[in-house]
Amino acid sequence: MSTVPDPGALLSPAGDGLAADGSGQRTARRGKVVLMRLRRNPWAVAGFAVLAFLTLLANAGPLLYPWDHTDLDYTALQQPPGGTHWFGTDAAGADLFAVTMRGLQKSLLVGLLTALACTTVATVVGTVAGYAGGWTDRVALALIGLFLVLPGFLLVAVMSTLVDETTWLLLVVLLAALSWMITGRAVRNTTRSLKQHDFVRAAVCLGVPGHTVVRRHVVPALASFLIIDATLQVGSAVIAEAGLAYFGFGFQPPDVSLGGVIASGTPYATVYPWLFYFPAGCLLSLCLSLFLIGDGLRAALDPASARNRPGRTRRASRAAVAADVPRTALQPASGAPPALAVRDLRVSLPGEGGTVHAVRGISYEVLPGEVVAIVGESGAGKSVSAAAIMGLLPETAEVAGSVRLAGRELIGLEESHLCRVRGDALSMVFQHSLTSLTPVYSVGYQITEALRAHRRLDRATARQRAVELLTAVGIPEPTRTIHAFPHECSGGMRQRVAIAMAIANDPKVIIADEPTTALDVTTQAQILDVLKTARTLTGAALVIITHDLALVAGVADRVHVMYAGRFVEEGPVDDVFARPRMPYTIGLLGAVPRADLDQSALTPVEGTPPSPLLLPDGCPFVLRCPLAADVCRDGEPALRTRGNVTHPTACVRSDEFEREDGLDPARVFSVPRTGRRTETERRKRAERPVLLEVDHLVRHFPVYRGTVLRRRVGTVTAVDDVSLDVREKETLALVGESGSGKSTLLNEIADPRKTLDPGAGRVLIAGRDIHRITHRQRRRLCRDVQLVLQDPVASLDPRLPIGDILGEPLLTHGWPRDHIGLRISELLDLVGLDAAHADRFPRELSGGQAQRVNIARALALKPRLLLLDEPVSALDVSVQASVLNLLRTLKAELSLSCLLVTHDLAVARYLADRVAVMHLGRIVELAPATSVFAQPSHPYTHVLLSAAPLPEPQRERARQHVPLLGEPLDPAAVPTGCRFRSRCPRYLELSPGERRRCEDQDPDLLGVAEDHAAACHFAGPPRGNA
Amino acid sequence: MVRHFARGLAANLMLVVIAGAVTYVLAALTLDPRSNYVNRNPPPSPAEITATLDAYNLNPDTPVVSRFLRWAGDVLTGDLGRTVAGEEVTEEFGRRALTSTRLLLLATVVGSVGGVLLGSWNAVRHERWTDRVATLLSFAVLATPVFVTAVALQLWARNLNEAIGSTVFEYTGEYSPGATGTWDRLLSRAQHLVLPSIALVAFQAALFGLYQRNTMLDVLHSDFVRTARAKGLPRRTALLRHGLRVAVLPLLPLLAYNAVLMFTGTAFVEKIFGWHGMGEWLVDSVLTDDVNVVAAVGLFTAALVLVAGLLADVLHVVLDPRSRAS
């Protein structure tokens, strides 16, 4: 309705993290939290009080008050407010208080009913359209479009001539019919995005019918948005109805609503102001109370909303601490002054649960040109320490200690002075390259901005320098790229741009916070090279913050291991990697899967880091440490050199490793027994039956443009003529860069509802074509094929307890209820969780525990084939190790077949029997894992193997990487001939005649040895250096 | 790009046609223009009334389908029919659209820009008392129907005028008929513009202020603002150049729709302050059972939604490079 504000639309529906829990006591607890948050919001409390008062007045008031709204008191015309008539009377002698109460009652009724009808329609249309998609969705969208185009106010006004005392509900219908669209569209959009959510995908994969998915997973996720929206809709409807009534549309005398009361009072307003002000005040308080309640509800229900964002409470205290803090860190080797000296840096962040001491006293120095790595699990305080050095923490953070940049103290420095340091002498590269660049400015603009923030440069010079910088970080065609926007660049290119910005002003120190996380292994290697180049070019000191030990082995000079806000071990990288003496470091190093070795088991560091709110007494690692002794619980051990240990550790027992009869680092953690190959597995491959067969599968995605009239503008080649098979009791790993089509291939098998084009191949499971089966057979298929997704927490419905989550597949497939409980405990036990976990909610679990639940759910129906989509890539290395061990054990114990998608070759080597390397929709190499890792044939496989970093500093430094040229290709523009040749290192070594073959002929996947195929005209072991 | 817009336009034009037809049919079925003539002095004979109604295509006794076909045929030739008083709807249309433009142009610009700035300022000063007060006031303004604001403004202006002893604030019409000479006319127009503009600006600023506050809070702690600060930009520059620039994007459709739909959305302000614009026409046409005018306004409103959608699309493409990709 054009004339009516729509505060309901003020809210953007959040897809996840919203409230409304599923079951009994949990709901009660959740309700308490919401109530508590609401109580802390004075405006919401006031809103509730006013609304309650007005509701009471409207409904109970007329019973107690002597006058009725139809009564006329001829003895008192136009009385001012007073004793008999509280609000006075109008020209006809009607009691204004009684009339206002009646109007209030009607307004409230209309508002409530309208909001209810409107929310119901919006929910039904929105969820159905969003979930069904396709034509249903288009029709619903057209319907929403049409209702939006209809002149709402005009139509209600026209139709309201039909409203009389008996048909006032028509008014509600009209108001609702013309105001549901915006909510409906929001619900539709949220449903659509929820449909892509892992927990909904997981439910679909379990064979849960669509209407149940909507009822159980989608509507509860929308509940808090709908509650808030409905509250605000009540207010909007009241105002809309009042506006109509003001012009005389709607309720006809003697019945009134507030709008009518105000309208009849307006002509007398100059002489008898109460006739106007009383009803208007009533209307205002009613709507304001509703809006305030809506706003309060949003803050209480939606944890991500504004009220709970880090706000400012008071000015931060930044105290520079005198530099006489005892030096615990080791001295730099040479006498040169450090580029960056951090002493006893401490950071506390006030939060809802209390003050978080994120960084608890760290000290380190970096010399010019030196590379220092800070490694640790998420939550260790690495990034916070970096932000503290940059002075980029929220103002509520308390920072203490000393940070000296080339001798100049930064802590306590005025913001205006700090601005001149940031981006100039001290610069930073952030993790998320997409979100870290402003989406609306070109790459060139953002680089020149960095230059011009510190230097007086004219436009042309700045642009010239930007092109130089882009060239320096290895961006091809810099003069063209300079006009590109961040979304047009690949992840690797964006990170190069970020590095270009960081080195723009020849910094003395560059801090790189997880610079390669979430990048492909090939890109990761390239970015590390660029960082090394950047350091050489500028002579800057480099601080690399990462969770990935293998990454820093070849790059860093020194390494600091961080745990629970402190350094627990530090030293030269060779020394720490070769002789780790803190159990945590030992565990981390043992947990790293290797692409260059066959490992029988990884050493997992069990448990999770302590909550920064609740640190244990003594050593913070004590709860996870296999060596924990009583002495570890008395006081936190300092970081210092102990006994014969060659570098500082924060472990009182570290010198025991150096004694003759002391501890053996290799035996600190008990290495679990993971299943080795059983007899059946060793049985010849050809003798085992085929479980999954993919036969010349093709999946192209059309690229559309336009909303209402869509047209096809191109095709993305996601999977292009792929054939493979998985036999019983074996695991096939699909490896490759992002965009290689490996996940698409997995999804084709996991969700066969999408039909294939004719001639686009087949997928057979146990000999049955999954695209040509009945609905009933498809549900049966769900029992045989199960899926584990990448993000463990997102794959679990946040509103359901673990027990219900594990029970869902059993319930769906008709298990008897009394067996379900037993099976749930069995499953929890199988994946190494307690029975008590059944009552927990997903958010109460750590990432590793959540992934165990996902695995348990996938195993609930005793499947034969398990599809694993990057099952450990979202986990910290220590947790990753335990989940990998679990998968390996289960695979052997349950005789599972697995199809594993991973970008990490080391994970593939650890879990898989066979490996398929994918590039741009094709399999380029397919062989048993041992052959692929020992005798890789395709140049792409060489590149991938060469790019995977080794956690051994000396070997990693000595290794020569096979260069991968350029960026991953666009799957929408596949070249003719061999599609890898533009990036191929071998292509460069070929003669022109040989090259022609690559240019003209698309190589087939042909055998190069027994059970080993590669799609390369010149397949073979690496030539030259590698 | 142009073709992309052209296609969208064609599809949405269909919606406008449907909306116009729906409005006409509903109005033709429910409104009875006969009452306009019955009470005339001297009362015309029933035959005369019927003849007039037939001439204007307003006779409720004619089947609605044939009335609609005649109306639609006329609309296609650019003729929107006649009012009950016998005037050309098209002529009146132009006059009123101009009046509304004079009222709305300034108020919409000030209200939109003011709202965006207010919201951003509040977001940056998040949780301080100025933010709390401004947010509460914004909700209060939104909770007050525009007609209450307008009437209250009139009452206060009248009291102020009396207190001052001269007519500083004007609250009826566009200008005083007595004003002569260019400067007097301009002054008079300005005086008449103040109060309705305040009502319109307050509403828009409150609405957009709340929206902008939300979107701005979302970007306040975003990675790219942090990057901008890491480059060495002062906080204020980073927030304005990077934060606000991105935070305003989600508001573009709202701003576009508001700017365009205000034409018929000012019914209350126009009616109360006596401006003879589109909004007033909308209300009056229903009150006088003037079917052709109702249909014309309905068609106009639907077309405005279309224009607003286009405007939003264009703004989006101009300001957000991400939308330029496929």
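This is a predicted model: local features need pLDDT of at least 70, side-chain atom pairs count only at pLDDT 80 or more; totals for chains, interfaces and linings use all residues.
Residues are numbered from 1 along each chain as its sequence is written, and chains are lettered from A and ligands numbered from 1 in the order written. Local features need pLDDT of at least 70, side-chain atom pairs count only at pLDDT 80 or more, and totals for chains, interfaces and linings use all residues; side-chain values use heavy atoms, with hydrogens and water left out.

Helices (H or I, at least four residues) and strands (E, at least two) are DSSP runs, numbered from the N terminus. Two strands pair if DSSP finds at least two bridges between them. Chain A holds an open sheet of 8 strands, in the order E17-E18-E19-E14-E20-E21-E23-E22. Its pairing is mixed. Strands E17 (785–788) and E22 (1006–1009) of chain A each have a single partner strand, so one side of each lacks a neighbour in the sheet. The twist averages 20° from one strand to the next, with axes fitted as lines to C-alpha atoms (for helices, over the stretch in contact) and angles running from 0 to 180 degrees between N-to-C directions. Within this order, E20 (residues 914–919) and E21 (residues 922–928) of chain A pair in the antiparallel sense over 6 bridges. Ala916(A) stands opposite Leu926(A) in E21(A).

Strand E9 (residues 541–546) of chain A is largely enclosed by the rest of the structure, because 6 of its 6 residues are buried (under 20% relative accessible area; exposed is over 50%, partly exposed in between; 1.4 Å probe, protein chains only). Ala541(A), Val543(A) and Ile545(A) lie on one side, and Leu542(A), Ile544(A) and Thr546(A) on the other. Strand E4 (residues 371–375) of chain A runs parallel to E9(A), joined by 5 bridges. Val371(A) has Leu542(A) as its bridge partner. Strand E8 (residues 509–513) of chain A is also parallel to E9(A), again through 5 bridges. Here Ile510(A) stands opposite Leu542(A). The chain passes from E8(A) through helix H19 (residues 521–538) of chain A to E9(A) in a right-handed β-α-β crossover: with the strands pointing away from the viewer, the path over the helix runs clockwise.

Helix H18 (residues 491–502) of chain A is mostly covered, with 11 of its 12 residues buried. Among them are Arg494(A), Gln495(A) and Arg496(A).

The model has 0 disulfides over all chains, a disulfide being a pair of cysteine sulfur atoms within 2.5 Å. The nearest cysteine sulfur to Cys898(A) is that of Cys205(A), 14 Å away. Cys898(A) is buried, at 3% relative accessibility. The sulfur of Cys1016(A) is 6.1 Å from that of Cys984(A), too far for a bond.
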